[in-house]
Structures are given as C-alpha cells and as structure tokens.
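Subject: Structure handover

Hello,

Here is the structure for you to open. Please keep it on screen while you read the notes below.

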Amino acid sequence: MAVNESTRVERCPACGSETVRNLVHWERGAPLEVYVACAACDSFIARYTVERYTSSESYEGLLRLLGGHVVTSERELMRELAAIDDEVRRRFERVRELAREHEDPRRIEQILYEEANGERDG
Ligand SMILES: [Zn+2]
C-alpha cells in the first residue's frame, strides 16, 4: 500500500460496472457538481463538487470557443481552469499507472475519513 498516494477505480455499487457517466450540473450561485451515474444500469454512484477543473482542451481552443471575449483578468483563471499542460498529463499517467498496478481497496469515504483523522495504515 502506498503510504502517501493511492488510486481507486470507482465502481457501481449496484452492478459492479466500471463504466460511468459524469453528469456535470451547474446552478447559479452554487458550486459546480458532478453526479456520477452507472453507464450500465443508471444507478447513482457518487457526487463531487468541483473546486478546480482541468480539461483536455487547449487554452487557445477555449479562447476560440468563447469568441475572444475573455478579458485579460479572466485569462489566468481560464488557463488554470481548463488548459491541460505537461504537469497534468504526467499526473494523469501516474494515476492511471497506480490504478493498474495497485488500486486502493478503501472506499472513497474511508480515504477521506482517514485523511481527515491523520490515520495511516502504512
Ligand atoms: Zn450499475
């Protein structure tokens, strides 16, 4: 078990499938939410609130998408929110490798609880 880092593949509690659909929900004044649903049986799996977001879209592509209406002060935020860079790509490769080689058996709730309470099983 990795002491300071681990990865877990999310599965449907109803049917065990690893194939999921992410439903991104926006509501004015509320944090962006992602509802994870099973792609096989449509069961609810989890909900996340988004603090940061990075997509595979390039920064230039996002600027094009928004038709060039992004003011300078928004550009740094845009860059932070969405442009995939080498660091993110490297982390993605690392996380994918962890999931393949040594998946964390703990439930997400357990990981969050143990992290909040400083528990380490080494
Ligand atoms: Zn399912």
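What pattern does the protein follow, read along the sequence? The pattern is β-β-β-α-α-α-α. That makes four helices and three strands. The radius of gyration is 17 Å, well over the 14 Å that the globule rule gives for 122 residues, so the protein is more spread out than a compact globule.

Please note that this is a predicted model. The average pLDDT is 87, and 95% of the residues score at least 70. Confidence is highest in β2, with a mean of 95. Confidence is lowest in helix α2 (residues 72-82), with a mean of 80. Here is the rule to remember: where pLDDT is low, the predicted coordinates should not be read in detail.

**Overall form**

Along the principal axes, the C-alpha atoms fill a box of roughly 50 × 35 × 25 Å. Of the 122 residues, 2% count as buried. Residues 24 or more positions apart account for 47% of them.

**The sheet**

The three strands form an open sheet. The order is β1-β2-β3, and the pairing is antiparallel. Which strands are at the edges? They are β1 (20-25) and β3 (44-49), and each pairs on one side only. On average, neighbouring strands of this sheet are turned by 20 degrees against each other, direction ignored.

Start with β1 and β2 (residues 33-38). Six bridges join them in the antiparallel sense. Leu23 stands opposite Tyr35 in β2.

Is β1 buried or in the open? The number of buried residues among its six is zero, so β1 lies largely in the open.

Now move to the other pairing. β2 and β3 also run antiparallel, joined by five bridges. Here Glu33 stands opposite Thr49 in β3.

**The hairpin and Asp42**

β2 and β3 form a hairpin with five residues between the strands. Asp42 sits in that loop. For background, most residues other than glycine have a negative phi.

Asp42 is also exposed, because 11 other C-beta atoms lie within 10 Å and a residue with 12 or fewer counts as exposed.

**Cys15**

Cys15 lies in the segment before β1. Which residues does Cys15 touch, leaving out those up to four places away in sequence? They are Cys38, Ala40 and Cys41. Cys15 and Asp42 are 27 residues apart along the chain, and their C-alpha atoms are separated by 9.8 Å. Cys15 has 12 other C-beta atoms within 10 Å, and 12 or fewer means exposed, so Cys15 is exposed.

**Arg52**

Go on past β3. Arg52 lies in the loop between β3 and α1 (59-65). How many other C-beta atoms are within 10 Å of Arg52? The count is 7, so Arg52 is exposed. The C-alpha atoms of Arg52 and Leu32 are separated by 9.6 Å. Along the chain, these two residues are 20 apart.

**The helices**

Helix α3 (residues 86-101) has 16 residues. From its first C-alpha to its last, α3 reaches 22 Å. That is close to the 22 Å expected at 1.5 Å a residue. None of the 16 residues of α3 is buried, so α3 lies largely in the open. When you look at a helix, keep this in mind: an α-helix has 3.6 residues a turn, so residues three or four places apart point the same way.

Helix α4 (residues 108-116) is hardly covered. Among its nine residues, the count of buried ones is zero. Just after α4 comes Gly118, with a positive phi of about 65 degrees.

**Where to look**

Begin with the sheet, in the order β1-β2-β3. Then find Asp42 in the loop between β2 and β3. Then turn to Cys15 and its contacts with Cys38, Ala40 and Cys41. Finish with α3, residues 86-101, and α4, residues 108-116.

Best wishes

Technical notes. Residues numbered from 1 in each chain as written. Predicted model: local features only at pLDDT ≥ 70, side-chain atom pairs only at ≥ 80, totals over all residues. Pairing = 2+ DSSP bridges. Helix = DSSP H or I, 4+ residues; strand = E, 2+ residues; numbered from the N terminus. Axes fitted to C-alpha atoms, helices over the stretch in contact; angles between N-to-C directions. Buried ≥ 20, exposed ≤ 12 C-beta atoms within 10 Å, placed from the backbone. Contact = placed C-beta atoms within 7 Å. Rg over C-alpha atoms; globule rule 2.2 N^0.38 Å. Expected span 1.5 Å × (residues − 1). pLDDT = per-residue confidence, 0-100.
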